[in-house]
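Please look through the sequence and the model below before reading on. The points that follow are meant to be checked one at a time against what you see.

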Amino acid sequence: MKSLRRAPQSLWVTLTVAALAGVMSLVSEPFASSDNIFNVSRNFAFIGLIALGQTAVIATGGIDLSVGSVMGLAGIVTGLVLGSGQPLVLAAAAGLACALLCGVVNGALVGYLRLSPFVVTLGMLSIARSLALVISNNRMVHDFGPDEDLLLGLGGGRFLGLANPVWLLLVAALGAAAWFRYSRLARHVLAVGGNEVSARLAGVPVARVRLTVYVLSSLLAGASAILMIGWLGAVTNALGQGYELRVIASAVIGGANLMGGEGGAFGAVAGAALIELIRNSLLLLGVDPYWQGAFVGGSIVVAMLVERVRRTGR
Amino acid sequence: MLELKSVGMRFGAVEALLDVDLEVGAGEVAGLMGDNGAGKSTLLKIVAGNFAPTSGRVLWGGADVDLSPLSARELGIEAVYQDLALCDNLSAAANVFLGRELSRRLFGILPVLDHAAMRRRSTELFEELGSDTRADDLVRRMSGGQRQAVAIARARLSSPRLMLLDEPTAAISVRQIAEVLELIRGLKEQGVGILLVSHRMSDVFAVADRIVVLRRGRKVADKPTAESSPEEVTALITGAIEAA
């Protein structure tokens with residue numbers, strides 16, 4: 001029992017995903033259809049990508065509530081620049097630059113001025129969403145100019161049977177897993193989350209570490225937004241609204257500890273998969289979609305309870 | 001090795017230290033005792049370079065030095081603090097190398113953490129200290145004595161010549177205290193000078209070569225452990241005996 005408790009949370013979540021998928025394929029015929037699997041995997045890729053960054057933020061003992069709004073801002077900017085006739089590379093760079101700026105502001109305020117991450121990113125949640133409204137003038141953008149097909153192919157296309165965003169997530173997750181294990185920065189991220197004073201005494205550049213994770217989180221939100229508008233074929237300023245909850249839920253369910261000091265790449269991906277699977281199952285079982293928020297919110301609380309039970313055993 | 005000459009420290013109107021002389025040689029354990037507020041921590045912080053004394057001289061190897069936290073480290077002075085300052089969520093090896101991680105280059109370019117080398121070196125350090133601490137264990141699951149070994153191993157990494165130990169036996173169990181005292185003896189055998197600050201009379205008498213007593217910022221005793229007794233030191237600390 002002791003060794004079971006010590007198994008990483010990502011393993012438990014993966015087993016839960018497998019079990020839920022097994023049950024669903026028995027009780028719901030459309031679940032196992034290739035179309036449904038394709039859709040579920042694509043939907044969770046957008047969330048999983050952002051959850052990788054969120055996991056790094058949470059591992060420092062912080063939180064990034066602004067990811068959904070950063071998606072909206074980056075999406076709108078990318079869409080508008082494309083619509084003005086610019087190439088996709090330039091438009092994506094513009095969208096990512098906006099995301100970068102949001103991340104730098106978050107990270108500088110949290111890292112160097114030592115403001116509370118909760119308050120800073122809550123402020124950014126409102127600011128970035130408002131900027132998206134101002135810039136778009138509350139209009140939907142669906143004319144993506146000469147590079148429209150390229151964008152739609154990038155976000156909506158598939159390669160070897162998997163949606164492009166899923167491929168990107170796989171690459172990013174492997175990269176993030178290697179980063180967590182082998183980079184000095186990731187080691188410092190965990191040290192800052194574990195004991196900030198100790199990290200500082202040991203010469204870890206605490207403020208810079210904090211800045212970096214918020215920048216990473218925002219950039220991943222921006223990248224995810226660009227893929228998403230390619231899939232949707234249009235962008236409104238509401239893009240990514242409420243996603244912060246799903247992203248944070250994915251990271252926490254995947255084993256990122258909100259007290260800091262713990263978290264991993266595979267956990268984030270497995271957590272995102274579980275959340276999307278729950279959403280999809282509820283839909284297929286005919287549960288009123290209004291209930292989805294209750295289930296996603298409830299799953300965060302349950303994940304924390306499970307974590308508490310595991311923790312008391314060691 | 002380390003010499004303080006009539007060092008004084010004043011915080012505003014408060015005289016924290018007054019005219020204190022102190023010497024610590026290589027392989028010597030000096031036990032620094034005194035009541036709360038006697039000036040032990042202030043003295044330790046001066047030697048660690050955290051405070052500059054307001055009067056007097058600090059000599060290292062016979063030459064005057066201006067200590068800062070960085071220059072103290074460069075001279076070979078390492079402090080291990082009471083709260084230990086470890087990251088509970090990381091392994092022993094990760095803590096030993098925190099901030100000075102070893103890396104190797106993958107494909108000649110990409111820098112990656114060299115876990116094997118850090119594990120090997122930490123294991124060596126723990127063996128030198130005679131501790132049963134394992135490099136891969138999380139600090140969270142360690143005993144107080146093992147945690148102390150991790151903190152000392154971290155300080156040992158740079159092969160210091162003088163170690164400042166601030167209450168290393170506070171808040172740990174009796175069995176672990178024995179472990180820590182063994183660590184201190186091990187360091188002494190390797191020629192490391194030790195300035196040990198402790199409240200626990202029995203620990204100081206067990207490992208110190210010399211006992212230094214501070215009272216209200218003044219040094220009231222400085223003599224070989226063999227020539228003193230716990231009763232005398234208690235009297236010196238409380239002021240029942242003026243000086244010895």
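1. Leu162(A) makes contact with Ser41(A) and Trp167(A), leaving aside residues up to four places away in sequence; two residues are in contact if their C-beta atoms, placed from the backbone, lie within 7 Å. This is a predicted model, in which local features need pLDDT of at least 70, side-chain atom pairs count only at pLDDT 80 or more, and totals for chains, interfaces and linings use all residues. Residues are numbered from 1 along each chain as its sequence is written, while chains are lettered from A and ligands numbered from 1 in the order in which they are written.

2. Leu162(A) belongs to strand 2 (residues 162-163) of chain A; helices (H or I, at least four residues) and strands (E, at least two) are DSSP runs, numbered from the N terminus. Leu162(A) counts as partly exposed because it has 16 C-beta neighbours inside 10 Å, where buried means 20 or more other C-beta atoms within 10 Å of a residue's own, exposed means 12 or fewer, and partly exposed lies in between, with C-beta atoms placed from the backbone.

3. In chain B, strand 11 (residues 210-215) is largely enclosed by the rest of the structure, because six of its six residues are buried. Arg210(B), Val212(B) and Leu214(B) point one way from this strand, whereas Ile211(B), Val213(B) and Arg215(B) point the other way. In a regular strand the side chains alternate between the two faces of the sheet.

4. Which strands pair with strand 11 of chain B, and in which sense? Strand 3 (residues 29-34) of chain B pairs with strand 11 in the parallel sense over five bridges, and strand 12 (residues 218-224) of chain B pairs with strand 11 in the antiparallel sense over six bridges; two strands pair if DSSP finds at least two bridges between them. Leu32(B) has Val212(B) as its bridge partner in strand 11, and Ile211(B) stands opposite Lys223(B) in strand 12. Strands 11 and 12 of chain B form a hairpin with two residues between them, and Arg216(B) in the turn has a positive phi of about 45°.

5. Chain B also holds an open sheet of four strands in the order 2-1-4-5, with antiparallel pairing. Its edge strands are strand 2 (14-24) and strand 5 (63-64), each of which pairs on one side only. Strand 4 (residues 55-60) of chain B is joined to strand 5 by two bridges, and Trp60(B) has Ala63(B) as its bridge partner.
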